[in-house]
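This report looks at aromatic rings, at charges placed over them, and at one pair of packed helices.

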Amino acid sequence: IRAPKAPELPIVERRNWLIHQHYIRKDYETCKVFIKEQLQETNGMCEYAIYVQALILRLEGKIQQSLELFQSCAILNPSSTDNLKQVARSLFLLGKHKAAVEFYHEAARLSEKDWEINHNLGVCCFFIKNFKHAEEHLNTALQINKHHKTFMMLGKVHLLTGDTDKAIDVYKRAVENFPENTELLTTLGLLYLQLGKYQKAFEHLGNALTYDPNNYKAILAAGSMMQTHGDFDVAMNKYRVAACAVPESPPLWNNIGMCFFGKKKYVAAISCLKRAHYLSPFDWKVLYNLGLVHLTMQQYASAFHFLSAAINLNSRMGELYMLLAVALTNLEDGENATRAYEQAVMLDESNPLVNLNFSIFLYNHGDKKAALDQYQEMERKVNLLQDSSSSAEFDPELMDMAQKMRAALQVADNVVWTKPGKDSKSKPNSAAATKTPGAPLGSNQALGQAMSSAVSYNKNIQLPTGTNFTFCRQECEWVKTHSRENVSVKLVQNAHSDLAWKSLP
Amino acid sequence: DSSLPRGQVWKWLDAHYDPVAGLYTFSSCVDLADLSGDGESRLVVGDLGSGLSGMKLKVFQGTALLSESTLLDLPTGLVAFFMDLHEPRIPAVAVASGPCIYVYKNLRPYFKFTLPGLEVNPVEQDVWQQVKEGQIDPLTMKEMLEGIRKKADVPLSVRSLRFLSLETDEMDEFVQLHKQQPIKRQTVITCVGTLKKSTADEDGVSCLVIGTESSNVYVLDPEAFIILSKMSLPAPPTMIDVTGQFDVEFRITVACRNGNIYILRRDSDKPKYSMELSSHPVGLVRVGKNVVVGCTDESLQGFTQKKLWRTTLPAPIITMAAMDLPTRGFQGVLVGLANCEVHLYRDKNLLSNIKTPDVVTSICFGRYGREDGTLIMTTKGGGLMVKILKRTAIFDDRDGTPGPPLAQSVRLNVPKKTKLYVDQTLRERENGVAMHRAFYMDLSRMRLAAAKAYVKALESSLTPMSSSLSEPLKMNAVVQGLGPTFKLTLNMQNTAACRPVMNLAISFLYDENLYRMRTPYLRIPLLVPGLIYPVETLVECTSDKGISDIIKVFVLHEGKGCPLLTAHINMPVSEGLMLN
């Protein structure tokens, strides 16, 4: 008897191309239909169908299931690096970095010179905080293929190990290779901003904005730099773009608020700052700015509340205590104002304004000796600033004020100079009105003298080293000085704009 | 293009749109050719049917379906090419499907070419030989085949794979059925292209270039259908582009499933260059010497041997095709996007944007009928769309920089402040000092009141927490029941780090006219740190007047008069009456 003719068995891989075509077109539903069909036809022996099924599951967030499928792929075809790589990738996504590293090493044994393996090994090592190995793997990956992701990661590793110079080198190389990558440009720009290299920072941020005018991070950073230079309208234009993209960003509304403040639209400034405060109630910078704007608006009682809230959140900043002291002085609470000033002077290290304001306060309260001490302390800080950077600029109003103070202290017995003392007792709301007497006094001083006792216009950038897991948080602040009155009132304005940005996890 | 900025005219004429043409196809399965030699170009489509059945080869002329013939398997690629020098010059159509190429001439089946079988593992062959001769049983064979699958370089045949997936009771039958046949290993075609044989003429004879699942590229002789050249790749190819002449010099650009692009040249059977992409390529189009690749990360990238440029697209790419208009010297790339748009790019500059009613899944540009610049698209819903490029249309590169984004002119949404707010501001300015003093006074009063209450609580051990160093305790009380009998549960916890507390007792203070306690004095066992000890007792309400009172609980240390902690329990009103 002849055996019946055997049926032709369908080729296992016959629909692989179709599955692939739908997978890359992100048509996952159709893809799943074909996968199901193919697995039925081959009794589950079609490796590629399982592989794509696992990829889709992973995209849908079912990582554990995808891991199991990849593992069965690896059983069907143990010699495939792709299967091992995907097993490792799923493990990585499940947070099992050490297990992932093992699988990547296994895969590396099968395929040398693989960018993906080396890059991912670097990322895994980064997460288990093995920065030395991470750096090695990432460098190897870069030798195989210059990829922007690898540059990004290597830069991050350097930043986390505190090696900013190396990080900058990496990002520079990256930007050379990818001159149009906005993420790299922005990151490099922000790094330069942190280091105070404003020219370079602005150049890179500007480039980033050229290629992607909607880049939120770059807009915020560039906008804050424009604000520093007083280009409020230009900054505002940029912020409008960001406000469409990220309407609920606290730093953005903070910066917009301070733009309005710079344009002397105080009510709008308060509106924006209050929105920022609503969106991020524990951000001391917003509270600081709110305090500042209220001081300007002569709403000292409100200013007091915002400033004391800010101090509760950040009790290590001298300038905050100084502003609080200004508010308290205006609320005629001399005792607490003195305490706040003492705290401010104790905490502050480089800002001469703190000492100047304290000096003026003491002088107005008749303690000339202590006032002189504070004045000398201020001069010391000014000299220090001038020594450390030749480009230190000083606010003319501040210089003017210091000059008057100097004169007042030197000729303390002079009858002419008793006038400021009287002014200090004037009501806060008359402050603006008494501005005129200051002018003739100031004009008596010789210009040279003014320069010698110059006080700083401090345009510093604060750099907290918040090197936490998601990368650093950067904020830039700038200090601006406005004296509201001749000698008696010492309102120092200090606007903070900040930009908080996160990199991709 | 509905979204054209001012000053630009419509470039495309809508020639035909049939939303229910029922076509399911890819750009690789669509071609235009003058199939009858009358100077009128037809549209040939390899239709995948439902994807499982109903595959057809369809030919369109004008707006009508001219003919259709059934295909046995899914078409993976379709090309029209000249296979001989006969006059009149009529191209043949090659349809790649499974392991075969079906060649149609004059719309009639003409020739079938099957790819050569792949090498079969000799050990596998040996195992089947043994089972055929009855030397081993199916179970032993299964073990041996498993062994081969794990180690061998040459993969198993379909038959062995199917055998391995069978249950034990099905094996015998399967072996009986198949053992007489020789073992075959076949691969399938994944993409197909054409390569001019020896002349660059428009109607010169072309070879077929075939990419296979087994990661090979074959060049077929068009007349004898023999393999002229075989090349290998590191991964299965997905898209192929060919330029040059086989006899002179050629370049085959292949996108592979591992996300890389390889370039094959005449003199080598291995790729000459490779380009690693960051994501999978969806479309591959050659423009002159440059290769334009569309990737799954919504980017369009230009390459020669190295990367030239990259631009980001607004949506995922679905398909791509070349737009070649030799009469005007125009070359561009058409990109079908998932947001129902088709973009035309020259290098990285967007020249034109066509809005379509559905997502376009395949694009073909060329001569259709007697019109040189025809754009043919099929949609996801199966529609067929034909557009004709206006002869007056001019594509000029728009300025690459898009200018300020629209959002820049949107007004900021700054909350307005009310009159009341302004009034309050003025009031604060005038009375700021008084307001602050009042606030300060109230704050001081509140602090004083809080401090007083705290001191009082501490002095009388009224807190439910004891912070004494030797016996740090915590207690809470729960009253259960409706009355007249209530269950009183006191949860005691020793909050010390490691020291147990001993010799504690609980006593109660209550109005004896109202309540009766089952056990008015309780001894507490040793308290191990951290654990919660529930201490229970029953309380009976003896009054039927519906009133309630406070029961005070004291935790005492033996030998000390002062309680460690005190709790006041507000008893609920008894809802049940005592039975006398």
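A charge counts as sitting over a ring if NZ of Lys or CZ of Arg is within 6 Å of the ring centre and within 35 degrees of the ring normal. In this predicted model, the charged end of B:Arg266 sits over the ring of B:Phe246, and B:Lys105 lies over the face of B:Tyr110; the distances are listed below.

| Charged residue | Ring | Distance to ring centre |
|---|---|---|
| B:Arg266 | B:Phe246 | 5.9 Å |
| B:Lys105 | B:Tyr110 | 5.4 Å |

Elsewhere in chain A, one aromatic cluster is formed by A:Phe92, A:Phe126, A:Phe127 and A:Phe131.

A:Phe127 also takes part in a helix packing, that of helix α6 (residues 97-110) of chain A against helix α7 (residues 115-127) of chain A. The axes of these helices lie 9 Å apart at an angle of about 160°, which means that α6(A) is roughly antiparallel to α7(A). The contact involves, among others, A:Tyr104 and A:His105 of α6(A), and A:Leu121 and A:Cys124 of α7(A). The crossing of α6(A) and α7(A) is left-handed.

Notes
Residues are numbered from 1 along each chain as its sequence is written. Chains are lettered from A and ligands numbered from 1 in the order in which they are written. This is a predicted model: local features need pLDDT of at least 70, side-chain atom pairs count only at pLDDT 80 or more; totals for chains, interfaces and linings use all residues. Side-chain values use heavy atoms; hydrogens and water are left out. Rings of Phe, Tyr and Trp (its six-membered ring) pair if their centres lie within 6.5 Å; planes under 30 degrees apart count as stacked, over 60 as edge-to-face and the rest as tilted. Axes are lines fitted to C-alpha atoms, for helices over the stretch in contact, and angles run from 0 to 180 degrees between N-to-C directions. Helices (H or I, at least four residues) and strands (E, at least two) are DSSP runs, numbered from the N terminus. Angles under 35 degrees count as roughly parallel, over 145 as roughly antiparallel, 65 to 115 as roughly perpendicular and the rest as oblique. A crossing is left-handed if the near helix is turned anticlockwise from the far one by less than a right angle, and right-handed if clockwise. Contact means heavy atoms within 4.5 Å.
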